Amino acid sequence: MRTILITGPGGSGRTTLAAATALEAARRGTRTLVLSADRTDTLGAVLGLRTGTTPAEAAPGLTAWRPDADARFREDLVTFQDRASGALDLLGAARLDPEEVTPLPGAEELALLRALRDAALSDSYDLLVVDLPPAPQALALLALPEELRRYLRRLLPPERQAARALRPVLGRLAGVPMPAEWLYETAARWDVELAAVEAVVADRATSVWLVAEPGPAGAAAVRSAATGLALRALRPEILVANRLVPENALDPWPAGLVAQQRKAVEEWRSTYGIHGLPHLGRDPRGADDLAALAAPAVNQAPAPVEWPVTDRLADDGVLVWHIPLPGVIRDELDLVRRGDELVVTTGSFRRVVPLPSVLRRCTVSGAALREGELRIRFAPDPELWPPRA
């Protein structure tokens with residue numbers, strides 16, 4: 001299934017673009033689902049109808065869905081209390097009733113991830129359009145499955161389950177209950193669910209569309225978002241310049257605004273594939289307004305981002321890992337090798353990346369940032385690398 005993740009600065013028109021793209025795809029005969037994480041029905045306001053917590057038809061061939069964060073959060077918490085009753089009783093903790101539980105910050109994003117996974121596993125749709133939160137929150141959301149899986153593996157390594165027969169003895173020696181079997185089972189279930197979401201984000205048929213209003217603030221937000229996406233092996237397939245004012249209108253717009261937008265679009269054009277959406281002079285509402293925007297056509301075969309390892313052993317005695325990081329500034333880039341992982345930091349973004357298997361038996365011999373690409377050189381470790389014939 002083709003998946004398009006749409007984000008941009010707050011107030012940039014993300015939901016409008018998602019609705020217009022989904023509606024246009026449905027009109028072309030593509031079975032389409034549009035997802036939104038907004039607690040308020042912004043998606044419904046744009047489409048001109050109500051959307052809710054149950055997937056419902058918004059137009060022929062188009063389904064709209066706003067996942068219910070409240071119900072799932074209550075369900076998860078009640079289940080946790082039931083399974084952890086022994087530990088909670090030991091601590092003298094008072095249980096929460098479902099009626100008094102309100103979702104914590106981030107519950108909407110977690111509900112969106114679950115919905116993303118469920119939709120990707122469904123055979124009901126050919127295209128999934130996801131109205132992500134504003135760019136900073138969207139970047140954190142896209143990083144969440146990978147980071148949570150790493151935390152789970154560190155805190156509850158699967159190999160420890162082999163010692164479950166010793167847990168009662170260890171518990172008596174330590175004087176506190178040891179992790180129960182259900183805890184490991186829960187961790188394993190979470191790992192499977194998170195892996196499914198991670199696979200959707202990393203799929204070759206998944207791409208990111210950025211939307212921003214041309215101008216200084218929009219340009220700064222696009223630069224930051226592109227850096228964060230690059231660190232996750234993603235890049236904007238399309239940059240949508242939203243609310244472009246007409247240059248030859250009968251009632252001319254302020255000349256300064258027209259010039260500012262034109263300058264920003266020209267600068268973006270040298271780096272991104274640009275698609276412009278016109279300013280309608282009002283907030284788009286309903287199918288006719290969305291059609292008037294002329295949303296971008298969906299490319300069914302987006303170009304994925306590759307992080308290849310090239311073999312230069314014969315010439316230079318090294319393997320080179322190529323990591324595209326367009327727009328990254330050298331002074332803001334930091335690398336740390338830690339075991340079989342590489343910690344990459346650029347500005348406010350950080351990612352802990354597992355090394356490809358061939359590089360785990362090597363030592364880092366240098367790195368360089370050239371033409372928007374980080375090239376890390378690895379030299380074979382003689383103690384771990386088999387001798388060449």
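Buried here means under 20% relative accessible area, exposed means over 50%, and partly exposed lies in between (1.4 Å probe, protein chains only). Helices (H or I, at least four residues) and strands (E, at least two) are DSSP runs, numbered from the N terminus. This is a predicted model, in which local features need pLDDT of at least 70, side-chain atom pairs count only at pLDDT 80 or more, and totals for chains, interfaces and linings use all residues. Residues are numbered from 1 along each chain as its sequence is written, and side-chain values use heavy atoms, with hydrogens and water left out.

**Stop 1: the whole chain**

Show the protein chain as a cartoon: it has 12 helices and 15 strands. Of its 389 residues, 42% are buried. Switch to a surface view. The accessible surface comes to about 20400 Å², and 54% of that belongs to carbon and sulfur atoms (Shrake-Rupley method, 1.4 Å probe; for residues, only the protein chains shown count as cover). Contact means heavy atoms within 4.5 Å. Among contacts between residues at least 6 apart in sequence, 67% join residues at least 24 apart.

**Stop 2: helix α5**

Select residues 107-121, which form helix α5. This helix has 15 residues and reaches 21 Å from its first C-alpha to its last, close to the 21 Å expected at 1.5 Å a residue. The expected span is 1.5 Å times one less than the number of residues in the helix. Colour the buried residues of α5: Ala107, Glu108, Ala111, Leu112, Leu113, Ala115, Leu116, Arg117 and Ala119. Keep Leu112 displayed, as it is one of the contacts of Asp131.

**Stop 3: Asp131 in strand β5**

Move to Asp131, found in strand β5 (residues 127-131). Is Asp131 buried or exposed? Asp131 counts as buried because its relative accessible area is 2%. Leaving aside neighbours within four places in sequence, Asp131 is in contact with Ile6, Arg14, Thr15, Ala18, Leu35, Ser36, Ala37, Asp38 and Leu112. Now draw a distance from Asp131 to Leu43. These two are 88 residues apart along the chain, and their C-alpha atoms are separated by 8.6 Å.

**Stop 4: Thr7 in strand β1**

Next select Thr7, in strand β1 (residues 2-7). With a relative accessible area of 4%, Thr7 is buried. Not counting residues up to four places away in sequence, Thr7 touches Arg14, Leu132, Pro133, Pro134, Ala135, Ala138, Trp209, Leu210 and Val211.

**Stop 5: helix α6**

Ala135 and Ala138, both touched by Thr7, are among the buried residues of α6. Select residues 135-155 to show this helix. Helix α6 has 21 residues and reaches 30 Å from its first C-alpha to its last, close to the 30 Å expected at 1.5 Å a residue. Where is the kink in α6? A kink of about 45° lies at Leu144, shortly before the proline Pro145. The bend at a residue is the angle between axes fitted to the seven residues ending there and the seven starting there. Other buried residues of α6 include Leu139, Leu141, Leu142, Ala143, Pro145, Glu146, Arg149, Arg150 and Leu152.

**Stop 6: the largest pocket**

Rolling a probe the size of a water molecule over the atoms shows where empty space is left. A pocket is an open set of points, on a 1 Å grid over the protein atoms alone, where a 1.4 Å probe fits, with protein on both sides within 12 Å along at least five of seven lines; lining residues have an atom within 4 Å of a point. About 1100 Å³ of space lies in the largest pocket. The elements giving two or more residues to its lining are α6, α8 (181-202), β6 (206-212), α9 (216-231), β7 (236-244), α10 (255-269) and β13 (349-354). The lining has 47 residues in total, and Ala230, Ala233, Leu234, Arg235 and Val305 lie nearest the centre. Helix α9 gives the most, with seven residues.

**Stop 7**

Select Thr227 in helix α9. Thr227 is buried, at 11% relative accessible area, and its contacts beyond four places in sequence are Gly327, Val328, Thr346 and Phe349.

Go on to Ala233, in the loop between α9 and β7. Ala233 has a positive phi of about 60° although it is not a glycine, and it is partly exposed at 23%. Arg243, in strand β7, has a positive phi near 60° and is likewise not a glycine. Its relative accessible area of 22% makes Arg243 partly exposed.

End at Arg262 in helix α10, partly exposed at 40% relative accessibility. Arg262 and Leu244 are 18 residues apart in sequence and 8.8 Å apart in space, C-alpha to C-alpha.

Note on methods:
Points joined across faces, edges and corners; volume = space filled by probe spheres on them.
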